[in-house]
Amino acid sequence: MPIRSKSIYQEAAVEDGVRVLVTNYWPRGVTRERAGGYVRTLAPSRELLRAFKDGQITWDEYAPRYLEEMRDEKPVAEIHRLAELAGTQTVTVMCLCKDEAQCHRRLLRELIEAEMAVMA
């Protein structure tokens, strides 16, 4: 099944399957039901996110640092769990960003897809 990604602010759709919010901060005005699941472990650290949002680091610096954070034990276990889940149903990872091109959810989607390929 596919791994999808979208902003939590985009409308929910049946084809989203299992929706998983991957942020450090709960977004204002968003109900728990709208998010589905919530996995803080897959969000960038607050320090990393703040450095990027404040312009202290570029996307080209941010991306490898996020990927490095995802090599820790807990994120690896969550990525594996979502890859297993995606073997039977669609999984949509979500965060607050509007631009997927410079968002950790795109990187996370790619990590989950890579894990699915290893498991196949």
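This section describes the strand order and the helix packing of a predicted model.

The strands form an open sheet of four, ordered β1-β4-β2-β3. Pairing within the sheet is parallel. Strands β1 (3-7) and β3 lie at the edges, and each pairs on one side only. Strand β2 (residues 18-21) is joined to β4 (residues 91-95) by four bridges. The two strands run parallel. On β3 (residues 37-38), β2 makes two bridges, again in parallel. V20 has V93 as its bridge partner in β4. In β3, the partner of V20 is G37. L21 stands opposite Y38 of β3.

Y38 also takes part in an aromatic pair. Across the whole structure, five aromatic pairs are found. In one of them, the ring centres of W26 and Y38 are 4.9 Å apart. Their planes meet at 85°, so the pair is edge-to-face, as angles over 60 degrees count as such. The partners come from distant parts of the chain, twelve residues apart. W26 sits in the loop between β2 and α1 (32-35), whereas Y38 belongs to strand β3.

Helix α5 lies across β1 and β4. Relative to β1, α5 runs at about 170°.

Helices α4 (residues 73-86) and α5 also pack on each other. Their axes are 9 Å apart, at an angle of about 70°. The two helices are therefore roughly perpendicular, a class that spans 65 to 115 degrees. The crossing of α4 past α5 is right-handed. From α4, the residues in contact are I79, H80, L82, A83, E84 and A86. They meet L108, L111, I112, E115, M116 and M119 of α5. By class, this contact holds nine nonpolar residues, one polar and two charged.

Helix α5 (residues 104-119) has a further partner in α3 (residues 59-69). The axes of α3 and α5 come within 10 Å and cross at roughly 45°. The pair is therefore oblique. This crossing, too, is right-handed. On the α3 side, W59, Y62, A63, Y66 and L67 make the contact.

Helix α3 packs in turn with α2 (residues 46-53). The angle between them is about 170°, and their axes are 10 Å apart. That makes α2 roughly antiparallel to α3, since the angle is over 145 degrees. L48, L49 and F52 of α2 meet W59, Y62, R65, Y66 and E69 of α3. Six residues of this contact are nonpolar, none is polar and two are charged.

How values were computed: Residues are numbered from 1 along each chain as its sequence is written. This is a predicted model: local features need pLDDT of at least 70, side-chain atom pairs count only at pLDDT 80 or more; totals for chains, interfaces and linings use all residues. Side-chain values use heavy atoms; hydrogens and water are left out. Axes are lines fitted to C-alpha atoms, for helices over the stretch in contact, and angles run from 0 to 180 degrees between N-to-C directions. Angles under 35 degrees count as roughly parallel, over 145 as roughly antiparallel, 65 to 115 as roughly perpendicular and the rest as oblique. A crossing is left-handed if the near helix is turned anticlockwise from the far one by less than a right angle, and right-handed if clockwise. Contact means heavy atoms within 4.5 Å. Ala, Val, Leu, Ile, Met, Phe, Trp, Tyr, Cys and Pro count as nonpolar, Asp, Glu, Lys and Arg as charged, and the others, Gly among them, as polar. Two strands pair if DSSP finds at least two bridges between them. Rings of Phe, Tyr and Trp (its six-membered ring) pair if their centres lie within 6.5 Å; planes under 30 degrees apart count as stacked, over 60 as edge-to-face and the rest as tilted.
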